[in-house]
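Student: I'd like to learn how to read a structure like this one. Could we go through it together?

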Amino acid sequence: MNDQWIFGLTMTIVGMGGTLLSLWLLSVLIGLLKKVFPYHKEHAHPKR
Amino acid sequence: MLWESVLTALGGLGAGVTQLTLPHIFMILIGCALLYLGIGRGIEPLLFVPIGFGAILVNIPLAALMEEGGFLRTLYNMGIITELFPILIFIGIGAMTDFGPLLENPRILLLGAAGQFGIFLTLLLALGLGYTPLESLAIGIIGACDGPTAIYVTSTYAPHLLGSVSVAAYSYMSLVPIIQPPIMRALTTEREKKIMMHTVKKSVSRNTKILFPVLVTLFTALVAPLGVPLMGALMLGNLMKESGVVERLANTSANEIANIVTLLLGLTIGATMEANQFLTVRTLGIFALGFIAITLDTAMGVLFGKLMCFATGGRVNPLIGAAGISAFPMSARVVQTVGFEYNKKGHLLMHAMGANTGGQIGSVMAAAIMLSIVGGMGLI
């Protein structure tokens, strides 16, 4: 297998895996963020 | 004596005609075709009008607009070489984008990852066709369906392909409503197309919306630091929008700055379409591979949607996977239209919007990861 293909396969495996893993982690972090700062209706419409 | 002087002067006036070659004429016709697409057919007019005119300008012999000191060369050096134009565009995109539907259902971000797989598969195809590794990266990124990202990556890896990659990216983005539906129909069953998804509630706090862009930027900085300029710009725009305290800046980013940079970016992309660089068999290859990239992205998104459908016990309609690309909001509308054909009561738009904004983040993340891998391998 020449260098060109090694580069291509490395990029494909690490790129696809890295993108999927990063976005999964990001989705978990967003979930946590939502838990830490939950939505409260009164916050959206504060009483005057 | 006077007669000779007049003849010499006339010779100077007609020099452009004598220097005009068939490739120049062909490229000027291509510029005119882009103008027709933009003006006559309304296809991506904001980009195709300046690109088309730039292509005409740069192929006028002796005008020397792309020589050192020419105004197109100055713009190119100022905005493309420095990568400033795509970054400024990203601030505007961030200021225009509502990530609310994505924040409501963060799992949908995975579709934004699957929608980028075509980039990497196309890269392999490009390598197989004899393009160099860096050229292959630039070609693969057409699959991101994201003009500024494609321009950013191409200007870094393969600036000589900038014209063809950019025109291919914007052309296929505008063809999303034609390219995607047959793939979506072919890869899903009748039952899957009819799946109803629960209504998205607006239940994201303001704090979450404000902290989201900061979180994404810091996360990108840790995972793929070379992608921070792109992601940081996108998230800065979004932070300004969501904070609500710098409305003038957010509006300026989304309107004036985005408009001015779009004009300059279009012109400079057109300026890279010089006959001797653009009229090659490789350009045709780039267009063919770009089409394959977007097709593969759509297919991978829908297939991942099917996986999510299976994993959630049939609660996810796989059609929304097609919106995991960055063509926003066109792709989400396509999903809504196709879904509505099969189930008049099912409204997929908000879910598709979530996947589509996920695709925007996904495309930037994929580019960031590519940059970091290539940086790690010492290729740039």
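Student: Which residue takes a positive phi just after α21(B)?

Tutor: That's B:Gly378, with a phi of about 75°. Helices here are DSSP runs of H or I, at least four residues, numbered from the N terminus. Keep in mind that this is a predicted model: local features need pLDDT of at least 70, side-chain atom pairs count only at pLDDT 80 or more, and totals for chains, interfaces and linings use all residues. Residues are numbered from 1 along each chain as its sequence is written, and chains are lettered from A in the order in which they are written.

Student: How many residues of α21(B) are buried?

Tutor: 23 of the 28, so α21(B) is largely enclosed by the rest of the structure. Buried means 20 or more other C-beta atoms, placed from the backbone, lie within 10 Å of the residue's own.

Student: What describes two packed helices?

Tutor: The angle between their axes and the distance between the axes. Here α5 (residues 71-81) and α17 (residues 247-271) of chain B pack at about 115°, axes 9 Å apart. Axes are lines fitted to C-alpha atoms over the stretch in contact, and angles run from 0 to 180 degrees between N-to-C directions. The two helices are therefore roughly perpendicular, a term covering 65 to 115 degrees.

Student: How many residues of chain B are in contact with chain A?

Tutor: 33 residues of chain B are in contact with 26 of chain A; contact means C-beta atoms, placed from the backbone, within 7 Å. The largest share of chain B's side, 9 residues, comes from α15(B).

Key: Buried ≥ 20, exposed ≤ 12 C-beta atoms within 10 Å, placed from the backbone. Parallel < 35°, antiparallel > 145°, perpendicular 65-115°, else oblique. Contact = placed C-beta atoms within 7 Å.
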